[in-house]
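Me: I am new to this structure and would like to go through it slowly. Please show it to me, and then answer my questions one at a time.

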Amino acid sequence: MTATMTDTPPPAAPKADARNGRSGRSAGQILMIVAGALLLVAAVRVATGANQLTSDGQVSAALGLAVPIGLAGLAGLWSERSGVVNIGLEGMMILGTFGAGWIGWQSNPWLGLLCGIGFGVLGGLVHAVATITFGVDHIVSGVAVNLLALGTTQYLAKIFFSEGKPAEAGGNPKQSPPVDSLPNIDVPGVSDGLQSLENHHWFLISDVAGILGGLVTNLSVVTLLALLLFVGSWWLLWRTPFGLRLRSCGENPVAAESLGVNVYKYKYAAVAVSGGLAGLGGAFLALVTSHTYLEGQTGGRGYIGLAAMIFGNWRPGGLAMGAGLFGYSDALQLRNGGQTVHALLLLLVVLLVGLAGWKLYRKAHWQGGTCLIVAALVLLWYLFTDEVPSDFVGATPYVVTLLVLSLSAQRLRMPKADGMRYRKGQGK
């Protein structure tokens, strides 16, 4: 009998790499990167006078914008570590926004939060059935989930929000009625002292005070939950037998099956968790950011979350740094406009010069020279203008996404069986 497409075995599993267990950066290296970035931003703030770069309001806004991106990236990490590419994160976030707005308005925001997670899990299970059970191409399935989620929520919003009691409460075909707020948390006695230090605008000291002030003021409980999920995911995936088995499914499912691992079960669990995390990111947008479901409010954050995951090399620590970077750039253009974004041009010049020096040291003369030319052009742009035009300001987070991915692409190592079709019984 002729074998069907879904019975075609995946490519032979690659040989084990002794470096796999140590592919991430050490804690010391991460701290050095963070300290260097902080010093550089502080120097740019002093040189340009753009004090909003490290203000507590800027950091607080960046944190709020980074949480849904980080949750989407963490969702992608769970799925891809099991070997399933999840392009459908955007659709699962859309389902989460609708579920949170729909149930949150009818009952309370806590139930809305749970419903957002549940709707995301449903989207994840649809993707799992298509890719794991039926062997559909992962990219095709993910795109289908995005389209299905968008169409379904638009249709349901017209049914549930456009007339009757929801319409009287402020709903319409594109949004739900307002939802009650989830509680926020402050650290008493700390915010005022940090605010006083920040107002002195001292080099580095005021920058650290502004950053810490933004991290301890007016925190949503969902933000704290997201932090716990990052720590818990790291521990579960890298410090437990369950995590070792799950990651083995993404590295070499044939070898995992030969050792008794139920690959289907672990893949299903990972993709369901992935959907739940993406749904939680969507629920954050509906319950914390806007207190209502809005059509199109995800704004591509599922895709930016994937970019943050890739930047983080499929690890929670790097992912958190990537999400923070994208959230920071988004907050900068939303809060401060062209003048403060203009200060980033000087920061970009310094980074490009540093990258050029590194490329020239590694004998990559063509790449190093290109970086120097681009740095010179950006420096001229900075010197002969006072602010970035508004047309470019809105593109800041997307430009940052492209730059970060292009600069980090050479050190990436995805799970070796990520996206490969797997059929049960190949390990026997």
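Reply: Helices (H or I, at least four residues) and strands (E, at least two) are DSSP runs, numbered from the N terminus. This is a predicted model, in which local features need pLDDT of at least 70 and side-chain atom pairs count only at pLDDT 80 or more, while totals for chains, interfaces and linings use all residues. Residues are numbered from 1 along each chain as its sequence is written, and side-chain values use heavy atoms, with hydrogens and water left out.

Me: Where is Leu204, and is it buried, partly exposed or exposed?
Reply: Leu204 sits in the loop between H7 and H8, and its phi is positive, about 70 degrees, although it is not a glycine. Buried means under 20% relative accessible area, exposed over 50%, and partly exposed in between (1.4 Å probe, protein chains only). Because its relative accessibility is 27%, Leu204 counts as partly exposed.

Me: Why do the buried residues of H7 line one face of the helix?
Reply: The buried residues of helix H7, which covers residues 191-199, are Ser191, Leu194 and Glu198. Seen down the axis of H7, with the arc taken from the directions from the helix axis to the C-beta atoms, these residues line one face because they fall within an arc of 70 degrees.

Me: Which helices do the buried residues of H7 pack against?
Reply: Contact here means heavy atoms within 4.5 Å. By that criterion, the buried residues of H7 pack against H2 and helix H8 (205-216).

Me: Where does His291 lie, and what is its relative accessibility?
Reply: His291 is not a glycine, yet its phi is positive, about 60 degrees. This residue lies in the loop between H12 and H13. His291 counts as partly exposed because its relative accessibility is 28%.

Me: Is Ile373 buried or exposed?
Reply: Ile373 has its place in helix H16, residues 365-383. Its relative accessibility is 55%, so Ile373 counts as exposed.
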